Amino acid sequence: MAETNLVMIVVAAILINNVIFSRFLGICPYLGVSKKLSTAFGMGMAVVFVMTLATALTWPIQKLILEPFDMGYLQTISFILVIASLVQLVEIILKKTVPTLYQALGIYLPLITTNCAVLGVAIININEKLSYLQALIFSMASALGFTLALIIFAGIRERLAIRKVPSVFAGIPIALIVAGLLAMAFMGFAGLGN
Amino acid sequence: MSAWKEFAKGFWNQNPVLRLLLGLCPVLAVTTSATDAIGMGLSATFVLTMSNLVVSLMRKGIPDRVRLPAFIVIIATFVTIVDMVLKAYMFDLHKSLGLFIPLIVVNCIILGRAEAFASKNTALMSMVDGLGMGLGFTLALFILGTIREILGNGTFFGMTLFGEGFDPVLVFVLPPGAFIGLGFLIAGMNYLERRKANG
């Protein structure tokens, strides 16, 4: 039973409740770094890494510190500080220990602090009352859903860049309309849950 | 004169949503109705004005190297206040805005104004800037919320607008409608701007 539950969490987080198309989290990097496929992939991987780590830290903070001492109102402040320092720390550690990975992800890391998907998912974990394991799986799957959306979108935008678009729609407006059509396509997955 | 300019720039020339394309997550997420849109806009305006004020007052005391964490703590404080006030006095609004109240913390408009404006200007100017930018944000949310509510639900602030024969375009209150609506709104803005430039 527990296993089907975890599988369901993965499917739901990637396809049915995709962070971009149904929860509207992380729209800034979604529009910002989706012009080329290669950067989209790098950004996606950096988000997977940071989002899973952020959940690994924020979930225990909520359950072991904030809740026992009845300090739930400090959730927003403590989560955002943990995420911001985590990103800094990851950047420093990667730079010293795994330079190749740092070169691949480095430039995306500072951008992630203000990626609302990371804080959003950390809070959803708590609101949905997920267990530690469920929360970790959910975060990783959400980040993979983000990556999937980003890569599909980047592929389309690479083609869009060489097409003739009415000049007032060029750039962001046409990209938003494409995102709307993609969101419509993703709505087709809604039936999977039943 | 110049205070008025700082206030007015947020509505058109530097409208955070329609021109600078900042803080789009709440714009897309909470604009299913005009009421939610205004609630979100005013919450963000309060946080933006107050955080601009405090950042500006403390701008000489915050060491340059730790300024971003310091700004974030200031912003998060006001977000927590908004969260608690809404929960206590406007529970329905709190429920429909949900996750997006704590997420005001990571709204790029607020950190952006703290960094670009409040850390360099006087307290009064910073408040005026925050108020103008916040109301510009609210205006954009309100326009999109109105369009989506009328087309997708046939209502305006909850009042039914059309007779029996009106068939609402359901997709406009669903996620795809948010993206498409905002796309057309920005394109319309570009069109007006171009016409103005060409005389």
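Predicted model: local features only at pLDDT ≥ 70, side-chain atom pairs only at ≥ 80, totals over all residues.

Student: Is Lys129(A) buried or exposed?

Tutor: The call rests on the relative accessible area, and a residue counts as exposed when that value is over 50%. For Lys129(A) the value is 69%, so the residue is exposed.

Student: What is the phi of Lys129(A)?

Tutor: Most residues other than glycine have a negative phi. Lys129(A), a residue other than glycine, has a positive value instead, and its phi is near 55°.

Student: Which loop of chain A holds Phe24(A), and is Phe24(A) buried or exposed?

Tutor: Phe24(A) is not a glycine, yet it has a positive phi of about 55°. Its relative accessible area is 5%, and because buried means under 20%, Phe24(A) is buried. The loop that holds Phe24(A) is the one between α1 (2-16) and α2 (27-32) of chain A.

Student: Which residues of chain A are in contact with Phe100(B), leaving aside its neighbours within four places in sequence?

Tutor: The contacts of Phe100(B) include Cys25(B), Pro26(B), Ala29(B), Val30(B) and Met40(B) from chain B. From chain A, the residues in contact with Phe100(B) are Arg23(A), Phe24(A) and Leu25(A).

Student: How many residues does the largest nonpolar core have?

Tutor: Phe100(B) is among the residues with the most contacts inside this core, as are Phe179(B) and Leu182(B) of chain B and Phe21(A), Leu25(A), Ile27(A) and Tyr30(A) of chain A. The largest share of the core, 11 residues, comes from helix α3 (residues 37-66) of chain A. In total, the largest nonpolar core has 113 residues.

Student: What area do chain B and chain A bury between them?

Tutor: The contact takes 37 residues from chain B and 34 residues from chain A. In chain B, Cys25(B), Val106(B) and Phe179(B) lose the most area to chain A, together 21% of what that side buries. Of the area that the two chains bury between them, 87% is on carbon and sulfur atoms, and the area itself is about 3,000 Å².

Student: How many salt bridges are there between chain B and chain A?

Tutor: On the side of chain B that touches chain A, the residues divide into 31 nonpolar, five polar and one charged. Two residue pairs are in polar contact across the interface, whereas the count of salt bridges between chain B and chain A is zero.

Student: Is Phe71(B) buried or exposed?

Tutor: Phe71(B) is found in helix α4 (residues 67-89) of chain B. Leaving aside its neighbours within four places in sequence, Phe71(B) is in contact with Val55(B), Ile62(B), Leu111(B), Ala114(B), Glu115(B) and Ser119(B). With a relative accessible area of 3%, Phe71(B) is buried.

Conventions: Residues numbered from 1 in each chain as written. Chains lettered and ligands numbered in written order. Heavy atoms only, no water. Helix = DSSP H or I, 4+ residues; strand = E, 2+ residues; numbered from the N terminus. Buried < 20%, exposed > 50% of the residue type's maximum accessible area, 1.4 Å probe, protein only. Contact = heavy atoms within 4.5 Å. Buried area = accessible area lost by both parts, 1.4 Å probe. Salt bridge = Lys/Arg side-chain N within 4 Å of Asp/Glu carboxyl O. Polar contact = N/O pair within 3.5 Å; in protein donor to acceptor, adjacent residues only side chain to side chain. Nonpolar A, V, L, I, M, F, W, Y, C, P; charged D, E, K, R; others polar. Core = buried A, V, L, I, M, F, W, Y, C linked by side-chain atoms within 4.5 Å.
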